[in-house]
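Here are my notes on the model you sent over. Have it open beside you as you go through the points.

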Amino acid sequence: MIIQTIRMALKAIAGNKMRSALTMTGIVIGVIAVVVLVAIGQGTTSSVTSSIEGMGTNLLTVNIRTYKNPITTDDLDVLKQNGSISGIAPTLTQSVTAEAGAVSYDSGSIVGTTPSYESIRNQTVVSGRFIKDPDLDNRSYVAVVGVDIADELFGTRNVVGETIKVDGYDFTIIGLLEEKGSTTSGSSDSQIIVPYTLAQRLYSETSVRTFYVSAASSADVTNAQAVVESYLNSRFGISADSSDNTESISRYYSVFNQSDMLSTLSDTTGTLTLMLGGIAGISLLVGGIGIMNIMLVSVSERTREIGIRKAIGASRGNVLTQFLVEALVVSLFGGLLGLGLAVGLAGILGRALSMTMVISPEIVILAIAFSMCVGVVFGIYPANKASRLRPIQALRYEG
Amino acid sequence: MIDMKDIVKQYKMGTQTVMALDGVSLKVREGEFVAIIGPSGSGKSTLMNIIGCLDAADSGEYKLAGLNVTDAGEGQLTRIRNENIGFIFQGFNLLGKLNTYENVELPLIYQRVKPAERKRRVLSALERVSLADRMNHRPNELSGGQQQRVAIARALACRPSIILADEPTGNLDSKTGREIMGMFKELHESGNTILLITHDSAIAEQAERRISIEDGKIKLPARKLTVFPGRPCETAAEACDGPEIQKEVRI
């Protein structure tokens, strides 16, 4: 019976190809819009999330704003004793122009830091090694470089042992960092990492201006932040009373919590995805109204047919199912076609705009389910109308 | 087969109420070939619709093949239509998008007959109306007579208790009309109960028994009252109750 009903629906759809195609187009466009826009939204979310995670999880970024009572590496050693802190690394960053032979690269930055930076910032050395303690003690002119530096200056990634000139000083390259791609706060791909002590000497900076703290675990992040804040408060003589006065504290230092940022950003992108999906959903709704419109036309056009069917024994249920299945088939075909086109379009867009597109199974199921829902919801009224026709009136109808 | 008592049906036309059927009583036995004859507006189509369970009477009793139709709900009426009644219409009423085979098959699909059995019955019905070679033709590729034969095959395929034909020759030329009437006679001879509705007395003549209807009432044959003045029929139903009485009237 169901097979027969589907066959009848297909026949009715095929009997009116142009109209069916146009009706389907509404659903197709709706589904494409939903899938592609949500893919863009989810792609953005995932690329933002992964770039933040790429900077290291459990991460606190501390910026010192005052020159009173300068913080030194000794202070960091004290902080490091705390159980909730697993690592701490000061950094000293300068924008520089790097040269190798006649080639120069001016969008690099030099970062002086300590060996623990490697694990705190999730850096991986793909060849050679990272900065080690003896390099700090000896203030060696050694550098670990990002892939952009290697590509731009040497045209190869086989750069360990090469010499690079930064601000007139020659550095021996001892390692190459793994490619990270662009991140929200400057890429490590264009960094030149040198020993912290050497950077301090080169840029005549004795105090620590920026340091990264990694908490022992994600549960310790808040703890670690409190430890750092209370240490800095006492260090700068900020009383406990004014500790909730964030504005006065921010004149001395700021602590930036990576997980806060992550959740804020994913909230934002989540809202964005929802909004894009919602807007696209409206077009799917419009497609549904198109189905309803056509089905209503079809019901009045086929009044006589319905009358004949009823006279030879079709029940209300038979007629209802027939029209509902027709609406469902149109919307399902539209949905599947739209999905196929959307996957293709997402691929093309992703490549053309070098955007990350994520088509999750959830959205695929959602798009299909939603288009079927549209078919049922907007098909039920016309189908019901058809099934309620009295056979004699329907038979007399001159369409 | 059909047993109707005091069937009343009214229609509202604007402010006026039209009495389409005014206390019609009627009996048709199994295997009979009955013609209901009446001019247009006499209520014969309304009667046919009620007999065919396409419409419900306002009052009265109606039994079809032992089933009480008066109390039947929508679902039951659908089943009765499907299983007990084979309709043949003036305008053929075939589905234009289906071919001959599919048109005949359709009521069997609604009856949920198994595919193999369905095929057997469709083919034998088509054989019967000699249209087996036109199986894949659409109605618009067939002549009027052929279309009506498809409709007859569709009615036969259901093995109905009664075949209801509403002006079956009305849209056909007289030669084809005779062919179709010949087919009805054949069906009657092989044991089918046939109820024919027509305004054409020449067509009605070919039936075994005729019932006249006028202004919503079964008309008493005028001669009867004069032939049997001492024993008038009390109701129209009695007058029309079977071939025996009809024969008496003829005497």
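**Notes on the predicted complex**

1. Two residues are in contact here if their C-beta atoms, placed from the backbone, lie within 7 Å. Residues 241-251 of chain B also have a pLDDT below 50, with twelve contacts in the model beyond near neighbours in sequence. Where pLDDT is low, the predicted coordinates should not be read in detail.

2. A word on conventions. Residues are numbered from 1 along each chain as its sequence is written, while chains are lettered from A and ligands numbered from 1 in the order in which they are written. As this is a predicted model, local features need pLDDT of at least 70 and side-chain atom pairs count only at pLDDT 80 or more, whereas totals for chains, interfaces and linings use all residues.

3. How does confidence look elsewhere? Chain B has an average pLDDT of 83, and 87% of its residues score at least 70. Among the elements of chain B, the highest mean pLDDT, 92, belongs to helix 4 (residues 115-128) of chain B, and the lowest, 40, to helix 8 (residues 222-227) of chain B. Helices (H or I, at least four residues) and strands (E, at least two) are DSSP runs, numbered from the N terminus. For the complex, the predictor gives an ipTM of 0.81 and a pTM of 0.67.

4. Now the interface: 16 residues of chain A are in contact with 19 residues of chain B. On the chain A side, helix 1 (2-14), helix 11 (303-311), helix 12 (316-352) and helix 14 (391-396) each supply at least two residues. This side of chain A has eight nonpolar, five polar and three charged residues. In these classes, Ala, Val, Leu, Ile, Met, Phe, Trp, Tyr, Cys and Pro count as nonpolar, Asp, Glu, Lys and Arg as charged, and the others, Gly among them, as polar.

5. Within chain A, look at helix 10 (residues 258-301) of chain A and helix 13 (residues 361-387) of chain A, whose axes come within 9 Å and cross at roughly 25 degrees. Axes are lines fitted to C-alpha atoms, for helices over the stretch in contact, and angles run from 0 to 180 degrees between N-to-C directions. The angle makes helix 10 of chain A roughly parallel to helix 13 of chain A; angles under 35 degrees count as roughly parallel, over 145 as roughly antiparallel, 65 to 115 as roughly perpendicular and the rest as oblique. The contact includes G287(A) and G288(A) of helix 10 of chain A and G375(A) and G379(A) of helix 13 of chain A. By class, this contact of helix 10 with helix 13 of chain A has 14 nonpolar, five polar and one charged residues.

6. Which strands make up the four-stranded open sheet of chain B? The order is 2-1-4-5, with antiparallel pairing; two strands pair if DSSP finds at least two bridges between them. Strand 2 (16-28) and strand 5 (67-68) of chain B are the edge strands, each pairing on one side only. Strand 1 (residues 2-13) of chain B is joined to strand 2 of chain B by ten bridges, and V8(B) stands opposite D22(B) in strand 2 of chain B. In the hairpin of strand 1 and strand 2 of chain B, with two residues between the strands, G14(B) takes a positive phi near 65 degrees.

7. Chain B also has an open sheet of six strands, in the order 6-7-8-3-9-10, with mixed pairing. Strand 3 (residues 33-37) of chain B pairs with strand 8 (residues 193-198) of chain B in the parallel sense over five bridges; the bridge partner of A35(B) in strand 8 of chain B is L196(B). Helix 6 of chain B packs on the sheet, touching strand 3, strand 7 and strand 8 of chain B, and makes about 150 degrees with the direction of strand 8 of chain B.

8. Finally, helix 5 (residues 144-157) and helix 6 (residues 174-189) of chain B pack at an angle of about 20 degrees, with their axes 10 Å apart. Helix 5 and helix 6 of chain B are therefore roughly parallel to each other.

Notes:
pLDDT is the predictor's confidence in each residue, from 0 to 100.
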